[in-house]
Amino acid sequence: MRIKGEPKPLAGIRRIAIAGVLAAMTVVATAFTKIPISFAQGYFNLGDTVVLTAGVLFGSYTGAFAGAVGSALADILTGSYIFAPITLVVKGVEGYVAGRLSGRGPVNGGGAKKPALALALASGACVMVVGYFIAEAVVLSLFDRTFGLAAAVAELPVNIAQGGLSAALARLAIEGLRRSKII
């Protein structure tokens with residue numbers, strides 16, 4: 001017997017499987033597009049493309065899971081251990097915000113219109129840029145002297161480029177998947 005409004009069992013299993021696959025795709029997209037930056041502590045990657053796409057197409061919770069778990073695992077697998085806890089939080093919030101602002105949040109299950117899509121993708125990318133800036137300027141500087149305001153400022157252009165390019169690629173992916181009727 002199901003409670004009114006409770007999802008069908010298969011729908012719950014399907015949602016878990018999709019979230020897991022998207023987290024794995026985030027790991028792959030992050031690790032295989034990793035470009036170390038000589039003047040910065042972090043690296044450029046396109047994993048945010050999957051995080052933003054997951055949030056917009058599958059909702060804020062799925063976007064948060066794919067971003068948090070997938071991106072943190074990528075940091076661990078690529079040897080960027082110090083970033084993993086920060087990444088867990090920042091990328092999780094990024095995916096959640098993209099899903100929520102696109103209209104795919106836990107309350108409002110509609111699809112995103114073009115203005116909402118642009119706002120959702122830009123906001124998610126901004127969460128990533130601001131989150132890493134604060135983390136590098138304040139939080140990580142408590143544990144490692146190579147971080148601090150100067151390091152955060154040095155990495156800012158890289159994070160802005162990563163967020164912008166990932167948002168643009170996510171928009172292309174979302175529109176392509178919708179047109180092809182795959183999603």
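A: Let us begin with accessibility, where buried means under 20% relative accessible area, exposed over 50%, and partly exposed in between (1.4 Å probe, protein chains only). Lys-181 counts as exposed because its relative accessibility is 70%. Lys-181 lies in the segment after α6 and has a positive phi of about 65 degrees although it is not a glycine. This is a predicted model, in which local features need pLDDT of at least 70, side-chain atom pairs count only at pLDDT 80 or more, and totals for chains, interfaces and linings use all residues. Residues are numbered from 1 along each chain as its sequence is written, and side-chain values use heavy atoms, with hydrogens and water left out.

Q: Which pattern does the protein chain follow along the sequence?

A: Helices (H or I, at least four residues) and strands (E, at least two) are DSSP runs, numbered from the N terminus. Here the pattern is α-β-β-α-α-α-α-α, with six helices and two strands.

Q: How is a pair of packed helices described, and at what angle do α3 and α4 cross?

A: Two packed helices are described by the angle between their axes and the distance between the axes. Axes are lines fitted to C-alpha atoms, for helices over the stretch in contact, and angles run from 0 to 180 degrees between N-to-C directions. The axes of α3 (residues 60–77) and α4 (residues 84–101) cross at roughly 155 degrees and come within 7 Å. The two helices are therefore roughly antiparallel (an angle over 145 degrees).

Q: Which residues does Ala-84 touch?

A: Contact means heavy atoms within 4.5 Å. Leaving aside residues up to four places away in sequence, Ala-84 touches Ala-72, Asp-75 and Ile-76. Ala-84 belongs to helix α4 and, at 9% relative accessibility, counts as buried. Between Ala-84 and Val-69, 15 residues apart in sequence, the C-alpha to C-alpha distance is 9.4 Å.

Q: Which residues make up the largest nonpolar core?

A: In soluble globular proteins, nonpolar side chains tend to be buried together. A nonpolar core is a set of buried Ala, Val, Leu, Ile, Met, Phe, Trp, Tyr and Cys residues joined through side-chain atoms within 4.5 Å. The largest one has ten residues: Leu-52, Val-56, Leu-57, Ala-98, Leu-117, Ala-120, Leu-121, Ala-167, Ala-170 and Ile-174. At least two residues of this core come from each of α2 (47–58), α5 (114–139) and α6 (149–179). A second, separate core has nine residues, including Phe-83, Ile-86, Val-90 and Met-128.

Definitions and conventions: Parallel < 35°, antiparallel > 145°, perpendicular 65-115°, else oblique.
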